Amino acid sequence: MPPYNDELLDLVILAGSRSGVEADLANISGESLQSLIVVDAITPTANEVDGCSPETPLSIGAESAWIATMIPEPRIVRAFASVPVDAFAALLAGSASDAATRLAVPLAGDDGDAKALVGAFMREIGVEPFDLGALRSADVLDPGGPLWGKALTEVEMLEAVGWLSGDG
């Protein structure tokens, strides 16, 4: 992790493998990260996915609790990891500027204020936040989950979530 100014740090995005993120967090004072809004965008490595069985699927979102062992009182929001990198590359290239085709990025978390701040950040970077509810619902964003690897517009996300809930 790069150096940072403690006074300006409100939100941090944890991305990469869990083992890599754990190593980085171990080198930072927990007190300086107290009550930090943490965006959990951690994705499993191929070895982590290969080590899972259908009986014990890999659930990164459900395991976000380990972050609390590294950061005191984290405000965790699961987001970004489920969306393919190509969708973000297209956004940066400017090919998805039409509001009707704006990329919807699902997020889940238990802290409403934290989700609002992450949602504002998402809008600033040109994506539409799509709130799935509590952190326990983040399993749909994990590898093997129905929203994993999907780049959807808000309408498509509404249809997908309706289908998941039985409303579609």
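Q: Which residues is Leu132 in contact with, leaving aside its neighbours within four places in sequence?
A: In this predicted model, Leu132 is in contact with Pro106, Leu107, Ala108, Ser137, Val140, Leu141, Leu147 and Val161. Contact here means heavy atoms within 4.5 Å.

Q: What makes Leu132 stand out in the largest nonpolar core?
A: That core has 25 residues, and Leu132 is among those that touch the most other members, together with Leu14, Leu25, Val38, Ile67 and Leu147. Two or more residues come from each of β1 (11-16), α1 (18-26), β2 (37-42), β4 and α6 (154-165). Another core, of 18 residues, lies apart from it and includes Val39, Ala41, Phe80 and Ala81.

Q: Why is Phe80 called buried?
A: Buried means under 20% relative accessible area. Phe80 has 13% relative accessibility, so Phe80 counts as buried.

Q: What makes the pair of Phe80 and Phe88 tilted?
A: The centres are 6.0 Å apart and the planes are at 50°. Rings pair if their centres lie within 6.5 Å, and planes under 30 degrees apart count as stacked, over 60 as edge-to-face and the rest as tilted. An angle of 50° falls in the remaining class, so this pair is tilted. Phe88 is buried as well, because its relative accessible area of 18% is under 20%.

Q: Why is the pair of Phe80 and Phe121 called edge-to-face?
A: The ring centres are 6.4 Å apart, which is within 6.5 Å, and the planes stand at 80°, which is over 60, so the pair is edge-to-face. Phe80 lies in the loop between β3 (75-79) and α4 (85-93), whereas Phe121 is in helix α5 (residues 112-124), so the pair ties together parts that are 41 residues apart in sequence. Ring pairs link Phe80, Phe88 and Phe121 into a cluster.

Q: Is Phe121 buried, partly exposed or exposed, and why?
A: Its relative accessible area is 27%. Phe121 is partly exposed, because that value lies between 20% and 50%.

Q: How do you know that Ser82 is buried?
A: Ser82 has 3% relative accessibility, under the 20% limit, so Ser82 counts as buried. Ser82 sits in the loop between β3 and α4. Not counting residues up to four places away in sequence, Ser82 touches Pro106, Leu141, Leu147, Trp148, Gly149 and Lys150.

Q: What makes β4 and β5 a strand pair?
A: Two strands pair if there are at least two bridges between them. Strand β4 (residues 103-109) and strand β5 (residues 128-131) are joined by 4 bridges, so they pair, and they run parallel. Val105 stands opposite Pro129 in β5.

Methods: Residues numbered from 1 in each chain as written. Predicted model: local features only at pLDDT ≥ 70, side-chain atom pairs only at ≥ 80, totals over all residues. Heavy atoms only, no water. Buried < 20%, exposed > 50% of the residue type's maximum accessible area, 1.4 Å probe, protein only. Core = buried A, V, L, I, M, F, W, Y, C linked by side-chain atoms within 4.5 Å.
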